Amino acid sequence: MTHVLDPGALSGAIPTVRAPLAPYDDVTRTAAAFRAFLHGLPGVDQVGAEARVATLGTRSIKTTSKAWAIDTAISMVDLTTLEGADTPGRVRSLAAKARQPDPSDPTTPQVAAVCVYGDLAGVAREALGDSGIHVAAVATAFPSGRASRAVKIADVQDAVANGADEIDMVIDRGAFLGGRYLDVYEEVVAVKEACSRPDGGAPAHLKVILETGELVTLDNVRRASWIAMLAGGDFIKTSTGKVNPAATLPVSLVMLEAVRDFRAATGRQVGFKPAGGIRTTKDAIKHLVLINETVGADWLDPDWFRFGASGLLGDLLLQRQKLRTGHYSGPDYVTVD
Amino acid sequence: MSSDRLAVRKTYKLYVNGAFPRSESGRTYEVTDTKGHFQANVARASRKDARDAVVAARAAFPKWSTSTAYNRGQVLYRVAEVMEGRHVQFCDEVAAGEGLSASKARAAVDAAIDRWVWYAGWTDKLAAVLGSANPVAGPYFDFSLPEPSGVVAVLAPQQSSLLGLVSVLAPVLATGSTAVVVTSRDRPIPAVTLAEVLATSDVPGGVVNLLTGDAAELGPWLAEHADVDGIDLTGAPATRAMEFEREAAGTIKRVVRPPATEPDWTADPGLSRMTPFLETKTVWHPIGL
């Protein structure tokens, strides 16, 4: 605890550090022990990872398989708008699109969630009603994460109070790159606690954004994934979408291997969400193939896998129309965000 | 020329989005001259190449259609300049591909370059000739203005490989639309050279996309494509033109019907090839005081 003078100043409560699940319950005893554990994780062969995803990327998914993949991908989309210019009207139109992505074809599945800034979570909640679509809100001084812990906690509590049932937090990359892994861990634990509802309702799901574009190496991606999972994150997410490169396939491979290894060791399943840079149906299908081949079909479900994207849905709908009608469609035939 | 030199056998590629990609399908076919001698291998475009070309043409449309008429005219005139520099090459290719004598091939190339210059001159005159200030009974101006349709698919003539191609492509560009062209199947070489001309002149990438291949194969995909605004069926096989027209009706495309036989391209085309791919926008405007 070095970078926050008084973490409990605003929330009135000093977060207690919770130990991770067995058999890793002792790795966070001290900063040195945690560092030793994280640096003891197997190194990532970057060339091997790139070769592996390049091989999987050549899989040919056609006809009925493609139709299944497109519908599955649509049902996994977190329809996102994270702009300074977002208005309640824009969020409401996005919510309408989430409920009925393609008005010309009512058989099109709904998306999984709408992802907005915390202050607009209430608008999204109201617009989505009883559709079953989740409201995800970004919090913790998104996208940079540069604020004191107390402010971040308040940000999370505000979004939860506004009706968000999923919280997308960013980790403190400065602390991570500076080697203060235990700080990162403690912050995720504290945010996880802030996701609980004062009225005793089900706590909001926590997605932990690693911002892999700033983590430099795949070894760091693996370490950050483990920190997020040990601290209780329900999902690990690649990026904010504000930094390039965002969700690349090698990064996704490393994170998927991390969630696979974590479930094998502890029995707890953690979801995965690539975000940013996934714009075409082809990219989405490559990710679905990567999941199936890396972690298996258990993750091929909107509860365990999401696409964070704004433009992807349009291309998925165009491809869906192509399969349905037999001719190529055009951007005039899908809604504009 | 010494006969022990190894022949350089050319394999030409497509021209899509300002680049020269191979066909996505990997297919090529042999092109021969009228005597049956090998000329070159060219790429045989597939429906996915056509799809990519439409995406490129759509992306290029906003900038090309809103560039000023003067600028568009200059860009097109520059194309004619670069064509002039390739005059000898065009003559050789047209002579071999169409079986013409050197003097007739030269006349065809001259006519093609002159045709291009002629269309370049039309860009800033269209609005004056085709637009109008309409009489209204009120304190308003009422103007009608020609505007480009959008992405136009062109099935280029099968016989006239350069003059015919220029005669169907240049009007599309002059009016501000962007083009996806399927070249003559058996005589594509001058079109490939024209692609090299376009790539080295000032035409932005994506404004013209040239696909070598079979109009019978690509025609239905372009006719049905929802993001194509018009289609010129000049080079469509006579037996299938009706079918393409019907498919184009599904998305209400502008259609230029194929002539019964290929016309004499040296004749003055008038406005007949520019007006089909123009929309008329009419606006009211208060006169003010």
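A: Two bridges join strand E1 of chain B to strand E3 (residues 38–43) of chain B, and the two run parallel. Strands here are DSSP runs of E with at least two residues, helices are runs of H or I with at least four, and both are numbered from the N terminus; two strands pair if DSSP finds at least two bridges between them. This is a predicted model, in which local features need pLDDT of at least 70, side-chain atom pairs count only at pLDDT 80 or more, and totals for chains, interfaces and linings use all residues. Residues are numbered from 1 along each chain as its sequence is written, while chains are lettered from A and ligands numbered from 1 in the order in which they are written.

Opposite B:Thr11 stands B:Asn41 of E3(B). These strands belong to an open sheet of three strands in chain B, ordered E1-E3-E2, with mixed pairing. Its edges are E1 (11–12) and E2 (28–32) of chain B, each pairing on one side only.

Chain B also has an open sheet of five strands, in the order E8-E7-E6-E9-E10, with parallel pairing. Three bridges link E9(B) (residues 230–232) to E10(B) in the parallel sense; B:Asp232 has B:Val256 in E10(B) as its bridge partner.

Helix H1 (residues 47–66) of chain B lies across E6 (151–155), E7 (178–182) and E8 of chain B, running at about 155° to E7(B). Axes are lines fitted to C-alpha atoms, for helices over the stretch in contact, and angles run from 0 to 180 degrees between N-to-C directions; contact means C-beta atoms, placed from the backbone, within 7 Å.

Methods: Two residues are in contact if their C-beta atoms, placed from the backbone, lie within 7 Å.
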